[in-house]
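Trainee: Could you take me through the contacts and the fold of this model, one question at a time?

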Amino acid sequence: MATFRSAAALLSADGTRTPGTAALFTEPGKRGATPPWAGDFRPATNASGPMNAVGKTFTLEMPDGRTGKVVVQSLKTGKGGITLALLGEDVAPF
């Protein structure tokens, strides 16, 4: 299982860019299949974050420019702010 935690940006279809931190992981894949991946995204404290995002597809951009498509599975709020639960749609970008 690979893991990744770093600064990242969430890009919407209309070009809106939300900076934040991504904590991602991969699961072991079936032989010959692309390993599934998922994780969390926390918008930066000065970013509002995409509200009404559950079920929508975004592009997750890593600091080195690699990208991956993600679907927002849920949105959690708490003392730490907003956290988006992500599910990857293609090859993991980390």
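Mentor: A search of the whole structure finds two aromatic pairs, counting rings of Phe, Tyr and Trp (its six-membered ring) whose centres lie within 6.5 Å. The model is predicted, so to speak of local features pLDDT of at least 70 is needed and side-chain atom pairs count only at pLDDT 80 or more, while totals for chains, interfaces and linings use all residues. Residues are numbered from 1 along each chain as its sequence is written, and side-chain values use heavy atoms, with hydrogens and water left out.

Trainee: Which geometry do the rings of Trp37 and Phe94 adopt: stacked, tilted or edge-to-face?

Mentor: Planes under 30 degrees apart count as stacked, over 60 as edge-to-face and the rest as tilted. The ring centres of Trp37 and Phe94 are 6.1 Å apart and the planes stand at 75°, so the pair is edge-to-face.

Trainee: How many residues apart are Trp37 and Phe94?

Mentor: Strands are DSSP runs of at least two residues, marked E and numbered from the N terminus. Trp37 belongs to strand E3 (residues 37-43) and Phe94 to the segment after strand E6 (81-88), so that this pair links distant parts of the chain, 57 residues apart.

Trainee: Is Trp37 buried or exposed?

Mentor: Buried means under 20% relative accessible area, exposed over 50% and partly exposed in between, with a 1.4 Å probe and protein chains only. Phe94, at 22%, is partly exposed, whereas Trp37 has a relative accessible area of 2% and is therefore buried.

Trainee: Which residue forms a salt bridge with Glu61?

Mentor: A salt bridge is a side-chain nitrogen of Lys or Arg within 4 Å of a carboxyl oxygen of Asp or Glu, and the structure holds two of them. In one of these, the closest N and O atoms are 2.5 Å apart, and the partner of Glu61 is Arg17. Because Glu61 lies in strand E4 (residues 57-61) and Arg17 in strand E2 (residues 17-26), the pair ties together parts that are 44 residues apart in sequence.
The residue asked for is Arg17.

Trainee: In E4, what is the bridge partner of Ala9?

Mentor: Two strands pair if DSSP finds at least two bridges between them. Strand E1 (residues 3-11) and E4 run antiparallel and are joined by three bridges. In E4, the bridge partner of Ala9 is Glu61.

Trainee: In which order do the six strands close into a barrel?

Mentor: The pairing in this barrel is antiparallel. The six strands close in the order E1-E2-E3-E6-E5-E4.

Note on methods
Helices (H or I, at least four residues) and strands (E, at least two) are DSSP runs, numbered from the N terminus.
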